[in-house]
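Hello,

Here is the structure I said I would pass on. Please look at it first, then read the notes below it.

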Amino acid sequence: SDDKGEYIWIHSAAMDQSYPVLIQRAKDQSKPRPILYMLAGLDAGYGPASWQVATDAQKFLGAKDVNVAFIIGGKSSYYADWIRPDPKIGVNKWKTYLTEEIPPLLNEVFDSNGVNAIAGISTSGTTVLALAIAAPTLYRSVAAYSGCAQISDPIGHEAAKVIANWNYGADIDNMYGAYPNPMWAANDPYVNAEKLRGLNIYVSSGLGL
């Protein structure tokens, strides 16, 4: 632990591996507070595509009455449940990990009030929208920064393919199958946007392009 938070390790039964989570407690802990889940970009919190390095999110949120969980691990995974292991990045069951495995544990760690929100940057700007659809009662708010919501059209799929392979050599066919497998559309936040109705949603792109 340090003055910017505390690292805890959580074991994922779905992936049979343990991963660190950087937790930052609410400024005022006199009563239960919400949890904000923060997902990193391609390097999964280990490098520059993370909230900790690329932004002042920790400092900003440190003055707020909200508990924050910075998720670490899952390079090039899009934080999805992949249909099969990838030779380069292994077993990925991140949707299960984030929506089923860690929420009950973090509720206890933080003494949460049961209100959750989730935010993602870059590749996880895609994922947070998909997770809010997959777990409709888990989050009250979702924020996507510089993500690509449309992954089942040819351009969106090609972008995901290039990005997943870019630094870590992952084969995107191992995520939802060879394009245009119906799983791509089933997990496309743009196609399924109606299922986001009722949530507080914030979508942003730095250049507005």
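**Pockets**

The largest pocket has a volume of about 290 Å³. A pocket is found on a 1 Å grid over the protein atoms alone: a cavity is a set of points where a 1.4 Å probe fits but cannot get out, whereas a pocket is an open set with protein on both sides within 12 Å along at least five of seven lines, and lining residues have an atom within 4 Å of a point. Grid points are joined across faces, edges and corners, and the volume is the space filled by probe spheres set on the points.

Before going further, note that this is a predicted model, in which local features need pLDDT of at least 70, side-chain atom pairs count only at pLDDT 80 or more, and totals for chains, interfaces and linings use all residues. Residues are numbered from 1 along each chain as its sequence is written, and side-chain values use heavy atoms, with hydrogens and water left out.

The lining of the largest pocket consists of 18 residues, and L36, M38, A119, A143 and Y145 lie nearest its centre. At least two lining residues each come from β3 (35-39), α2 (57-62), β5 (116-121), β6 (141-145) and β7 (200-204). The names of these elements follow DSSP runs, numbered from the N terminus: helices are H or I with at least four residues, and strands are E with at least two. β6 gives the most to this lining, with 4 residues. By class, the lining of the largest pocket has 14 nonpolar, 3 polar and 1 charged residues. Here Ala, Val, Leu, Ile, Met, Phe, Trp, Tyr, Cys and Pro count as nonpolar, Asp, Glu, Lys and Arg as charged, and the others, Gly among them, as polar.

The second largest pocket has a volume of about 220 Å³. It is lined by 19 residues, and K95, A130, L131, Y176 and N187 lie nearest its centre. Two or more lining residues are given by α4 (123-134) and α6 (173-176). The largest share, 6 residues, comes from α4. The classes in the lining of the second largest pocket are 12 nonpolar, 4 polar and 3 charged.

**Confidence**

The mean pLDDT (the predictor's confidence in each residue, from 0 to 100) is 93 for the protein, and 97% of its residues reach 70 or more.

**Aromatic pairs**

The structure holds 8 aromatic pairs. Rings of Phe, Tyr and Trp (its six-membered ring) pair if their centres lie within 6.5 Å; planes under 30 degrees apart count as stacked, over 60 as edge-to-face and the rest as tilted.

The rings of W51 and Y145 have centres 5.4 Å apart and planes at 85 degrees, so this pair is edge-to-face. W51 lies in helix α1 and Y145 in strand β6, so the pair ties together parts that are 94 residues apart in sequence. W51 is buried, with a relative accessible area of 7%, while Y145 is partly exposed at 29%. Buried means under 20% relative accessible area, exposed over 50%, and partly exposed in between (1.4 Å probe, protein chains only).

Y145 also forms a tilted pair with Y202, at 5.5 Å centre to centre and 45 degrees between the planes. Y202 lies in strand β7 and Y145 in strand β6, so this pair ties together parts 57 residues apart in sequence. Y202 is partly exposed, with a relative accessible area of 45%.

Elsewhere, Y19, Y79, W94 and Y97 form one aromatic cluster.

**Nonpolar core**

Which residues touch the most other members of the largest nonpolar core? Of its 33 residues, they are Y37, L39, I71, Y97 and L106. At least two core residues each come from β1 (6-12), β2 (17-24), β3, β4, α3 (94-110), α4 and β6. The largest share, 6 residues, comes from α3. A nonpolar core is a set of buried Ala, Val, Leu, Ile, Met, Phe, Trp, Tyr and Cys residues joined through side-chain atoms within 4.5 Å.

**Backbone**

The peptide bond from Y179 to P180 is cis, with omega near 5 degrees. P180 is in the loop between α6 and α7 (182-186).

S122, which is not a glycine, has a positive phi near 60 degrees and sits in the loop between β5 and α4.

Regards
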